[in-house]
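Biologist: I have a new model open and would like a quick tour. Can you walk me through it?
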Amino acid sequence: MEKKQIVIGYEDFRELIEKGYYYVDKSHMIKELLDRTDKVNLFTRPRRFGKTLNLSMLRRFFEFEMDEDGEKIDNRNLFEGLKISSCGQTYLSHQQQYPVINLSLKSAKQPNYSLAYTMLKREIAAEYDRHRYVLSCQKLTEKEKDQYQGIMGLGEDPALYIDSLKFLSACLSKYHSENVIILIDEYDVPLENAWASGFYEEMITFIRSLFESALKTNPHLEFAVITGCLRISRESIFTGLNNLAIHSILSPGYTDAFGFTENEVKRMLTYYELEDKYPEVQSWYDGFRFGQQEIYNPWSIINYVQAATIDHESFPKAYWSNTSSNSIIRELVDDADLETKAEIESLISGNTIEKPVHEDITYGEIHKSKDNLWNFLYFTGYLKKIDERKDGRKIYLTLAIPNEEIISIYEDTILAWFDEKVQQTDLSTFFTAIESGDCKTFGRILSGLLLETISFYDYTENYYHGFLAGLLKTSKEYRVYSNRESGTGRPDLIMKTPTVRDGTAVIFELKVTDEYHKMDELCHAALKQIADRDYAAALRAEGYQEIKKYGICFYRKECLVVKE
């Protein structure tokens, strides 16, 4: 029997089902929504965790959908065999009964307010156009029809759009004689973009007005579902919205509605005969925790399984890093003081940190304290909760990095940051110290740079080797060779001028200790190794007359240098 194809990037529930692609059933979310009867539901989850597809599913279930000619589109067959279909008539009686406003804000990523506002206008106008059949409704006045067509035609008056969702709700309610369901996807994308681009106040003023009219003072609202990555404080956007139910990754409800559970992942792997891949999948893509539920990254799982069905020996990759904004990690690294650097190193080593949790924050507050930045990393999926405790009025979370995929994102970000930092650092004094034999300055500069960087190799010799090699390779006057054959062994690093006549060569031998008082002893042991194994033999054979030899010992972020 031919297996269902697993596909990437499909966000329309109907298309996914009608084409027979593999689908992880999340329709039980419909039952939970109807059971809880909250008026306005805000779901915050990391990027690429299935929010858009879930909203598409909700729309296809609840919407009394009409085509361009005003004929009803029957979507009931889409849910045959899914979990909601066996929940009983109480729930199925809501199927295809409501007009639905479906709005995505994820396209508002422009560099200035004018362009971002124009894109939001287009999204709203497109939703008006989708429901243009209401213009045939006799209950609408000519003035209302003119206003409708003005919005659909991208009219210039900003007042048209401030309460455009409320007005569309009224028009749809008149036509269908039913209240309206409003679905808003990625509500915080325009706010995040506006903050980064410098027009936050303008954007938040517009979004606040749009939401307040649609969600607070809208008599035609049945219920609303809003998705985003971050919970923005009530004061900044949900002003006075007392009917808002917030379902964050800390909340007890809807814990398995977004992302894949362990059983869902195991079923998928079994279906595609990839059961042997489970340990690898678990270490790379598991580790998220929503409420008390362990969750896998769905975007990465789908990408991994698709690759493994083509080539069973495919290696796991950091698929999420290609889609989710990693700039927040870079900002953490850029601004890190010594304490924060130590915390990052501890996390990458597999340890935990404890931080107070603040669910209500604004983009403007992210950089006001390190705690806010750590919170942002947690709510956007770069950290996971291990445990929590309450101390007085504050809740503290024990945090860790979720999995290998996220660790690799931290490491890649740190490496890129350090490479840029080295390129911007004046190392002329460093190279002068090497050339002149100034061991004290040589060691002091190395120690200073070690203090500024972030280690994720547990201070192994490989870490220090790569660190020093990276610094030496910035020279435009020397070529750097690593672990090349020379004499009767391999020196750690060799640096030499391209020309032999009047040229210079330098041999570096590295040692690492976990006891500070042994540093001097090991530096001399390194020099003895250079001599005993005659590492300079090949350099002499090439014709180099001046050959410098350094024994270097590292202890954590301390460095001692001794010359022959």
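Modeller: Start with a term. Accessible area comes from the Shrake-Rupley method with a 1.4 Å probe. The model is predicted. Its protein chain exposes about 25,300 Å².

Biologist: Which residues of H20 are buried?
Modeller: Tyr463, Tyr464, His465, Phe467, Leu468, Ala469, Leu471 and Leu472 are.

Biologist: New topic: rings. How many aromatic pairs does a search of the whole structure find?
Modeller: The search finds 40. One of them joins phenylalanine 61 and phenylalanine 79. That pair is edge-to-face, with 5.2 Å centre to centre and 80 degrees between the planes.

Biologist: Where do those two sit in the chain?
Modeller: Phenylalanine 61 is in helix H3, and phenylalanine 79 is in the loop between H3 and helix H4. They are 18 residues apart.

Biologist: Are they buried or exposed?
Modeller: Phenylalanine 61 is buried, because its relative accessible area is 0% and buried means under 20%. Phenylalanine 79 is buried too, at 3%.

Biologist: What about tyrosine 516 and tyrosine 555?
Modeller: They also form an edge-to-face pair, 5.7 Å centre to centre with 65 degrees between the planes. Tyrosine 516 is in the loop between strand E13 and helix H21, while tyrosine 555 is in strand E14. They are 39 residues apart.

Biologist: Which of these tyrosines is buried, and which is exposed?
Modeller: Tyrosine 516 counts as exposed, at 52% relative accessibility. Tyrosine 555 is buried, at 16%.

Biologist: Back to phenylalanine 61. Which cluster do ring pairs link?
Modeller: The cluster holds Phe13, Tyr23, Phe61, Phe62, Phe79, Tyr98 and Phe223.

Biologist: Last one. Which ring faces do lysine 3 and arginine 48 lie over?
Modeller: Lysine 3 lies over tyrosine 271, at 4.8 Å from the ring centre. Arginine 48 lies over tryptophan 299, at 4.0 Å from the ring centre.

Terms used: Residues numbered from 1 in each chain as written. Predicted model: local features only at pLDDT ≥ 70, side-chain atom pairs only at ≥ 80, totals over all residues. Heavy atoms only, no water. Buried < 20%, exposed > 50% of the residue type's maximum accessible area, 1.4 Å probe, protein only. Helix = DSSP H or I, 4+ residues; strand = E, 2+ residues; numbered from the N terminus. Phe/Tyr/Trp six-rings, centres within 6.5 Å; stacked < 30°, edge-to-face > 60°. Lys NZ or Arg CZ within 6 Å of the ring centre and 35° of its normal.
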